[in-house]
Amino acid sequence: MINLKSTDAFQDRHIGPDSHETKDMLAVIGVKSVDELISQTIPASIMRSTPLALPAAESEFNYLKELRKKALKNKLYKNYIGVGYYGTITPAVIRRNVLENPGWYTQYTPYQAEIAQGRLEALLNFQTMVADLTALPIANASLLDEGTAAAEAMHLFWGVKNKKGAEFNKFFVSHLCLPQTIDVVKNRAEILGLEVVVGDHNTVAIDNSFFGALVQYPAVDGNVLDYKTFTDKCHAVECYVTVACDLLALTLFTPPGEWGADCAVGNSQRFGVPMGYGGPHAAFFAIKEEHKRIIPGRIIGVSVDAQNNPALRMALQTREQHIRREKATSNICTAQALLSIMSSMYAVYHGPTGVKNIALRVHTLAKVLQTELKNLGYKLSSEKIFDTITIDTNSDKHLFANIQTIAIKHETNFYYSCNNFVSISIDETTQPEDVADLISIFAEAIGKTAYQADVEKIAASLDIKVERTSTYMTHPVFNMHHSESNLMRYIKALENKDLSLTKSMIALGSCTMKLNAAAELEPISWAEFGGLHPFAPVDQAAGYQEIIHELEGYLSEITGFAATSLQPNSGAQGEYAGIQVIRAYQKDIGQGHRDVAIIPASAHGTNPATAVMCGCKVVVVATDDKGNINFDDLVAKVEEHKDNLCCFMVTYPSTHGVFEDNIKDVCALIHANGGQVYMDGANLNAQVGLTGPGFIGADVNHINLHKTFAIPHGGGGPGMGPICVAAHLAPYLPGNPLIKTGGEKAIHAVSSAPWGSASILLISYGYIRMLGAEGCKKATMYAIMNANYIKSRLEDQFPVLYTGAANGRVAHELIIDFRQYKHTVGIEVEDVAKRLMDYGFHAPTVSFPVAGTLMIEPTESEDKAEIDRFCDALIAIKGEIEKIQNKSWDATDNPLKNAPHTVEMVTAENWEHQYTRQEAAYPLHWVRDGKFWPSVARINNSYGDRHLICTCPDTASYA
């Protein structure tokens with residue numbers, strides 16, 4: 001009998017090993033079934049007693065068909081809301097070749113720069129674009145959103161002014177800043193004990209007690225204000241000025257750097273990235289030269305490789321949280337690399353003239369609307385504008401209500417502020433006929449139903465002036481790729497320099513580089529999801545709301561918690577939100593003095609950095625020689641700090657790759673002494689369906705949707721870090737000043753948009769719906785099986801550093817130790833990482849959490865053949881090390897020390913090495929098939945930090 005229903009199960013596409021491979025792999029591990037392996041790996045005391053209550057799995061076809069129905073529930077009204085989010089046109093060549101291209105979206109953060117030159121160049125273009133448009137010399141490679149970028153600036157300048165030990169704690173924020181930005185800044189300030197003074201920049205009395213100020217340019221009401229006098233007044237008392245600005249406006253108006261601003265932040269979304277109901281979008285952060293070594297986020301810099309050729313890499317990495325830990329100035333881990341790449345390509349495609357022409361068209365249409373609103377008798381609060389006109393209806397509440405009614409009738413959205421003002425923002429998608437329709441709406445609101453305007457004629461009569469006199473985007477890259485053919489080839493040339501999941505597995509421990517299935521990603525390009533404004537009325541987003549509420553429920557069920565917030569738009573942001581919620585709860589019950597965070601020495605670097613950002617003192621607890629939390633030390637530290645214990649931050653399974661048997665005892669100890677347990681979700685891929693933070697005893701955890709739930713890493717972002725909480729913490733989940741969300745006692749917003757980067761929630765939603773309860777559990781089991789298979793294959797070759805005490809199993813990742821080779825033959829783990837590139841692999845996580853080691857996480861998505869190739873490569877490298885040990889190869893001139901080998905190196909006329917070209921380039925027979933060539937040789941990191949160049953160099957410098 002033929003089965004007439006689809007038998008195409010998504011789990012068979014997502015999970016790598018088939019039944020035959022599974023049998024072979026289990027034999028190598030030494031168990032009879034995956035269930036037996038799991039019973040030997042996870043403590044029985046924390047196993048779930050009931051299966052996941054999730055919907056049954058759907059095929060890709062049926063899932064997309066049902067999702068389309070939900071998409072159609074979203075109403076795509078004409079949006080003129082603005083307030084930091086605008087309609088934009090994503091060039092099809094960028095959408096197809098970057099956003100929808102796994103060669104770009106499956107890349108990892110570019111720590112291994114030799115195989116990441118393509119995205120590094122695109123990110124350098126982004127930095128150059130931002131630096132040019134803001135007229136500030138240094139820009140980073142993106143931040144999470146405009147609100148958090150402003151908060152980062154506040155935090156930075158607080159540190160700068162207070163570095164001598166004095167206490168300057170006032171931060172001025174203009175009342176004309178975006179409301180969501182003000183709320184995010186208040187969140188950060190409150191936890192740090194800073195005083196935010198919101199007011200009028202014209203009247204505020206800035207004195208020496210202020211360390212910084214934030215203004216909006218153009219302002220939220222559309223006014224393009226002159227802040228030069230205010231900036232001078234601030235500088236007179238050592239108060240640093242940050243400007244939240246609009247990149248498109250900066251093509252026409254004097255940029256902040258030219259009137260003295262110390263820092264510029266904002267959102268690059270309108271450079272070709274859909275609104276997506278809030279994100280993801282790439283924020284930018286530009287600053288004066290003297291602050292370059294404390295700028296938050298990633299910076300791409302120019303260096304040289306071993307052949308003295310120009311090469312790019314992440315500069316000043318010693319600033320990063322995983323190195324600085326509790327001394328870090330920011331907990332930023334990844335940001336929004338994929339979106340900054342899209343925005344940079346938008347600038348490359350349009351060039352300075354094209355971008356300026358877009359700005360001029362937007363500005364002219366806005367001026368037409370402004371002119372006609374005046375002619376209709378409206379009172380305007382904005383005179384000198386770029387794209388936004390604000391109508392003052394404060395004295396006429398009937399007119400205010402009438403405008404809303406008529407606008408909705410015409411399926412049009414404006415921004416209605418709480419003080420009865422109406423704002424209309426024009427964007428790149430606005431056409432002359434749209435402006436005519438707008439004029440008709442406002443004419444109808446005052447009873448002039450027959451009023452018509454000739455937009456083209458009015459535009460021709462306007463005197464449009466461009467204030468900006470300085471040039472920008474003059475580098476050749478912005479002036480030579482304006483045809484689709486040229487841009488397509490440029491994008492492809494950069495893509496081909498990078499190793500992504502399209503080439504081979506990326507076994508990065510603690511990073512979970514699993515399959516990002518095409519069916520999961522397809523819907524993010526649908527207009528019904530991409531075209532929605534985050535502050536559109538909720539009833540226009542019924543499809544999104546269904547998905548959001550269902551996903552919140554799924555994540556709560558998976559983790560064993562009572563409630564979920566999807567607002568945090570990165571893992572680090574999720575950590576921050578989680579500790580904020582804990583502190584808000586403790587303050588509410590009269591325990592606000594609790595400010596000690598106990599953190600294991602093995603914790604991810606974001607943990608201590610986050611704790612300090614949240615106003616906590618960090619106390620480190622040791623780990624024992626088996627990699628577990630030293631329970632005796634923990635007991636002693638808890639006893640010492642019990643009166644002030646805020647929380648214990650723990651990763652589970654640990655970053656050492658083991659399930660610790662006494663985790664419930666750890667949680668009970670913390671609770672018995674008044675603290676809360678925060679569980680880092682970095683390793684949730686080893687828990688789903690088998691156990692969960694709530695079952696273990698935690699109070700809150702964040703989830704890296706870009707790890708466990710299949711959102712791509714995008715070369716360094718986007719990510720999502722929702723938090724799931726126990727019932728007593730649910731009232732404090734973060735809110736938003738414009739859209740109701742969060743708990744009844746919500747903390748201030750942690751991200752600009754109500755549901756963070758909402759459009760990529762679709763990916764995790766699809767992952768859960770297509771795998772279903774059984775598939776989600778099976779994915780976890782196979783992630784653990786694959787890791788234990790690698791352990792079994794490699795443990796005779798390399799020491800495996802930590803395993804479970806009872807059965808010698810690892811969780812979903814393992815650590816192999818290379819430290820002995822440094823002392824015996826001078827080979828360091830970095831040499832192994834670079835040599836893996838010659839075999840076509842990205843290195844596992846290097847020297848974390850233990851220096852001199854590799855942490856390997858294969859995920860469930862890789863099949864036996866690919867895992868075997870990876871293991872064969874490491875075993876072959878072990879053989880190469882032995883050749884150095886037995887003197888067959890020189891200690892300094894060998895394939896490991898010279899790796900990676902570029903095509904130029906192995907085809908050079910002269911070859912003076914003891915090893916052959918064949919050994920350099922094709923060390924195993926299968927490497928020839930689709931050989932991936934690194935585009936540069938090993939990069940000189942210290943040179944790049946000593947000679948810091950963070951914008952596109954002059955073409956002559958490449959000579």
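Q: Which strands each supply at least two residues of the lining of the largest cavity?
A: Those are β5 (210–217) and β14, strands being DSSP runs of E of at least two residues and helices runs of H or I of at least four, numbered from the N terminus. A cavity here is a set of points on a 1 Å grid over the protein atoms alone where a 1.4 Å probe fits but cannot get out, a pocket is an open set with protein on both sides within 12 Å along at least five of seven lines, and lining residues have an atom within 4 Å of a point.

Q: What should I know about the model itself?
A: It is a predicted model, in which local features need pLDDT of at least 70 and side-chain atom pairs count only at pLDDT 80 or more, while totals for chains, interfaces and linings use all residues. Residues are numbered from 1 along each chain as its sequence is written, and side-chain values use heavy atoms, with hydrogens and water left out.

Q: What volume does the largest cavity have, and which residues lie nearest its centre?
A: Its volume is about 240 Å³, taken as the space filled by probe spheres set on grid points joined across faces, edges and corners. The lining has 22 residues, with Gly84, Tyr86, Leu178, Gln216 and Asp246 nearest the centre.

Q: And what about the second largest cavity?
A: That one holds about 200 Å³ of space, and among its 19 lining residues Leu99, Pro280, Leu339, Ile524 and Ile760 lie nearest the centre. Helix α12 (residues 337–375) gives the most to this lining, three residues.
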